[in-house]
Amino acid sequence: MVSKSPTGFRAAFVLAVLVGLALGWFVWPRLEVVRITQPLRFSHKVHSRQGVVCATCHFAPDGTFRGLPDLARCGACHRAASGGTSANDKEIDKFVWDYLSTRKPVPWLVSLALPDHVRFPHRPHLGARPESDCAACHADMAGRDSLDVLVNRITGQPLTAFSMQRCRDCHRKTKAPDSCEACHR
């Protein structure tokens, strides 16, 4: 004669499975990801409202991409402490006092860095209006009020990192070369 499992055991098993699923669904992602705060709160939103376009800070006058702006670029607009009391004024003052006056580069965290074996020339990816084309890869930076970076605790990689599949999909859609040599060193 085969004995049946007690009803209490089945209920406990189902409850354990549901709790395990809930932990995996809701808790694990929060444990896996850490938010790293930038050394300064930089607001693309504020700069965008003032009419500053991407190229102003991220491109050289000849149109070549130069990455994150250096002290001279930021200092061109933010030469002196504002003395204001708003959150933005306080960040400007922190920039002037802690970085510009000491000539110490801001140690920005980069959320979209590519691996060393990948090359990405910006020029062929930009159309006639670089400031509008940036959003195709960099999302709506003009609407962001902070640049905190979400990092996977296990891999150490930013969550917003580009994937090879994303690049290949775009290359195929635009009929751009998608051989290994096109992007890899």
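Because the model is predicted, local features were considered at pLDDT of at least 70 and side-chain atom pairs at pLDDT 80 or more, whereas totals for chains, interfaces and linings draw on all residues. Residues are numbered from 1 along each chain as its sequence is written, and side-chain values rest on heavy atoms, with hydrogens and water left out.

The protein chain contains 9 helices and 2 strands, where helices (H or I, at least four residues) and strands (E, at least two) are DSSP runs numbered from the N terminus. Read from that terminus, the elements follow the order α-β-α-α-α-α-α-α-β-α-α. The C-alpha trace spans about 85 × 50 × 30 Å along its principal axes, and the radius of gyration, taken over C-alpha atoms, is 24 Å, while a compact globule of 185 residues would have a value near 16 Å according to the rule of 2.2 Å times the number of residues to the power 0.38. Of the 185 residues, 18% count as buried, that is, under 20% relative accessible area, with exposed meaning over 50% and partly exposed in between (1.4 Å probe, protein chains only). Among contacts (heavy atoms within 4.5 Å) between residues at least 6 apart in sequence, 66% join residues at least 24 apart.

Helix α1 comprises 26 residues, 7-32, and its end C-alpha atoms lie 36 Å apart, which agrees with the 38 Å that should be spanned at 1.5 Å a residue, the expected span being 1.5 Å times one less than the number of residues. This helix bends by about 35° at Gly24, the bend being the angle between axes fitted to the seven residues ending there and the seven starting there.

With neighbours within four places in sequence set aside, Tyr99 is in contact with Pro39, Leu40, Leu71, Lys94, Lys104, Pro105, Val106 and Pro107.

Ala135 is located in helix α7 (residues 135-138) and counts as partly exposed because its relative accessibility is 40%. The C-alpha atoms of Ala135 and Cys54 are separated by 9.7 Å, although these residues stand 81 residues apart along the chain.
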